[in-house]
Structure formats: structure tokens, C-alpha cells
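Me: I am new to this structure and would like a short tour. Please show me the model before we start.

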Amino acid sequence: MDSYKRFPSDEEFFRELLVKDIYNFRSRNYLLRKLTNKDTKEIVDIEACTIEHIMPQNKNMSAQWI
């Protein structure tokens, strides 16, 4: 589709997810809700969380968490 209606390929989506500024992304909560609740029976209400719960900005995080 044209412009804003165009749906990205999986490769494009993952590539952009790595470089996108999610903290300042207008649709941040929508994106995080979809990613967090994908394929799960226990739905997480991300509106009750701060972005730090989902995307911590701690420089001392373990390699496993990163």
C-alpha cells in the first residue's frame, strides 16, 4: 500500500524496532501492549506500568536482560 498504509515486512519491522526511539514513539503503548501480550493467556495491563517496567534504562543490567 501507499505511504502510511503500507505494511512492513518482518525484516523491516525487526530492523526498525532495534533503532526506533520507543520512549518518544507516539504509539508506544499500543506497540508495547501488542508485543507484551502476544501469544499469552495472562494479559498484562501495560497502562498500569511505567515504561521503565518494560524498557529499563539501567546501564548496569545483566547481559541476559539486555
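Me: Is Phe 13 buried, exposed or partly exposed?
Reply: Phe 13 is partly exposed, with a relative accessible area of 32%. Buried here means under 20% relative accessible area, exposed over 50%, and partly exposed in between (1.4 Å probe, protein chains only).

Me: And what about Phe 14, buried or exposed?
Reply: Phe 14 is exposed, at a relative accessible area of 51%.

Me: Before we go on, what kind of model is this?
Reply: The model is predicted: local features need a pLDDT of at least 70, side-chain atom pairs count only at pLDDT 80 or more, and totals for chains, interfaces and linings use all residues. Residues are numbered from 1 along each chain as its sequence is written, and side-chain values use heavy atoms, with hydrogens and water left out.

Me: What is the average pLDDT of the protein chain?
Reply: The average is 81, and 91% of the residues score at least 70. This score is the predictor's confidence in each residue, from 0 to 100.

Me: Where in the chain is confidence lowest, and where is it highest?
Reply: Helix α3 (residues 51–54) has the lowest confidence, with a mean of 68, whereas α1 has the highest, at 88. Helices (H or I, at least four residues) and strands (E, at least two) are DSSP runs, numbered from the N terminus.

Me: Back to the rings. How many aromatic pairs are there in the whole structure?
Reply: A search of the whole structure finds one. Phe 13 and Phe 14 form an edge-to-face pair, because their ring centres are 5.6 Å apart and their planes stand at 75 degrees. Rings of Phe, Tyr and Trp (its six-membered ring) pair if their centres lie within 6.5 Å; planes under 30 degrees apart count as stacked, over 60 as edge-to-face and the rest as tilted.

Me: How many salt bridges does the search find?
Reply: Two are found in the whole structure, a salt bridge being a side-chain nitrogen of Lys or Arg within 4 Å of a carboxyl oxygen of Asp or Glu. In one of them, the side chains of Glu 12 and Arg 6 meet at 2.7 Å, N to O. Arg 6 is partly exposed, at 42% relative accessibility. Lys 38 also forms a salt bridge, with Asp 39, where the closest N and O atoms are 2.8 Å apart.

Me: Are Lys 38 and Asp 39 buried or exposed?
Reply: Both Lys 38 and Asp 39 are exposed. For Asp 39 the relative accessibility is 71%.

Me: Where does Asp 39 lie? And what is its phi?
Reply: Asp 39 is found in the loop between α2 and α3. Its phi is positive, about 55 degrees, although Asp 39 is not a glycine. Most residues other than glycine have a negative phi.

Me: Where is Thr 50, then?
Reply: Thr 50 is in the loop between α2 and α3, and at 43% relative accessibility it is partly exposed. Thr 50 and Asn 29 are 21 residues apart along the chain, and their C-alpha atoms are separated by 9.9 Å.

Me: New topic: Ile 22. Is it buried or exposed?
Reply: Ile 22 is buried, with a relative accessible area of 5%. This residue lies in the loop between α1 and α2.

Me: How far apart are Ile 22 and Leu 35?
Reply: Ile 22 and Leu 35 are 13 residues apart in sequence, and 13 Å apart in space from C-alpha to C-alpha.
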